[in-house]
Amino acid sequence: MNRYDNNMPFLLKYENVAWYENGTVRILDRRVYPREISFVECKSYKEVVRAIKDMVTQSAGPYTALGMAMALACHESRKLSKNERIKFLEKAEDELKNSRPTTKNRYQKITSRALKLAKDSIEKDIDPVKIIMEDNIKSLNRRYKTMRKVGEYLIDLIPENGSILTQCYGETIIGALVALSKEKNKKFKVYCAETRPFLQGARLTATCFAEEGFETTILTDNMIAYAFENKLVDIFTSAADCITEDGGVVNKIGTLQIAQLAKIYGIKYYVSGIPDKGKKSLFDVEIEMKDPKEALSANGIFHASTKAHAIYPAFDKTPSSLVTKVVTDCGVYDSDNLDEYFEKAKDNSFY
């Protein structure tokens, strides 16, 4: 089967995102990359749930890990009776799709399809692991191919020899921009907000662009107004963990304040991704609260008083009024008018 990860940065190679083989799901540990290239090996689907919750993988990485975990669950349950095996897989599917609440609706599309494939295979006495792994490759190809379409629209919005500011780690859209810029010989600079407390922008996004030859500059999260005021940045762009039907954006914490600053300084904000049918507005999205201790440390080193407290909302909500355009696989749309997108994309499958 052809693959769509050719010419992609190390982080985006399929086996380096998450991969199932011989009773183990192997996940690149993004908590320490690029300082270390280390993989977490999960011997049970529950360990994959924990890895997702602990952000061993993040952004679109869990989409891959979930499918691989369902293959692992089939391996774990191979000696059970048909009825017991199906119950085991139903439990695995439920735990996996609920591993992070803000993106449950996206996760469920992957886990429910894998569960159906597993049930059909078991009823026919076919090995479900092989079937699910074939589907996992198809799913990866579909996502990479779809985000390439998004990238084709987004790259046309970037001024030649201009500069973009990114937030967090946009996974496949970054890969698409890298590949397309090479093909089109388009030049642009990249500024990466560091994205505290997990530093995805500084560690992951900046590494992907820098290793592919882009002039890449990291900004701490409190330098954004300086960059805008001094005209270092032409456009702000981010991916999204959710784009609501009314054009609202849920993305890594800090996106809202960058969008607010962009509005003040006249910087266009282009969000890229696939809008979420069924999420009517930002009120329909639950914000995940993570361990506040993570906000008191960086790279595992605590830097605050033991008497200090913290909070750690993983995401924030940006209203459509702060979004210039929504860049999708079907074109570029006004943030408050996505009806045309949903009509055009009704038969599309991303996950």
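**Note on the strand sheet, a helix pair and the aromatic pairs**

1. Strands β9 and β13 run antiparallel and are joined by 4 bridges; two strands count as paired if DSSP finds at least two bridges between them. Strands here are DSSP runs (E, at least two residues) and helices are DSSP runs (H or I, at least four), numbered from the N terminus.

2. The model is a predicted one, in which local features need pLDDT of at least 70 and side-chain atom pairs count only at pLDDT 80 or more, while totals for chains, interfaces and linings use all residues. Residues are numbered from 1 along each chain as its sequence is written, and side-chain values use heavy atoms, with hydrogens and water left out.

3. The sheet is open and consists of 3 strands in the order β8-β9-β13, with antiparallel pairing. Because β8 (242-243) and β13 (315-318) each have a single partner strand, they stand at the edges, and one side of each is left without a neighbour in the sheet.

4. The pairing of β8 with β9 (residues 249-252) is antiparallel and comprises 2 bridges. I243 stands opposite V249 in β9. The hairpin of these strands has 5 residues between them, and there G247 adopts a positive phi near 90°.

5. Helices α3 (residues 61-76) and α6 (residues 128-155) have axes that come within 9 Å and cross at roughly 175°. Axes are lines fitted to C-alpha atoms, for helices over the stretch in contact, and angles run from 0 to 180 degrees between N-to-C directions. The crossing makes α3 roughly antiparallel to α6 (over 145 degrees). Contact (heavy atoms within 4.5 Å) involves, among others, Y63, M68 and H75 of α3 and P128, N136 and R143 of α6. The contact residues divide into 10 nonpolar, 4 polar and 1 charged; Ala, Val, Leu, Ile, Met, Phe, Trp, Tyr, Cys and Pro count as nonpolar, Asp, Glu, Lys and Arg as charged, and the others, Gly among them, as polar.

6. The whole structure contains 12 aromatic pairs, meaning rings of Phe, Tyr and Trp (its six-membered ring) with centres within 6.5 Å. F209 and F214 form an edge-to-face pair, at 5.1 Å centre to centre and 75° between the planes (edge-to-face: over 60 degrees). F209 counts as buried at 0% relative accessibility, and F214 does so at 11% (buried: under 20% relative accessible area, 1.4 Å probe, protein chains only).

7. Y333 and Y341 are both buried. Ring pairs also link Y63, Y107, F350 and Y351 into a cluster.

How values were computed. Parallel < 35°, antiparallel > 145°, perpendicular 65-115°, else oblique. Phe/Tyr/Trp six-rings, centres within 6.5 Å; stacked < 30°, edge-to-face > 60°. Buried < 20%, exposed > 50% of the residue type's maximum accessible area, 1.4 Å probe, protein only.
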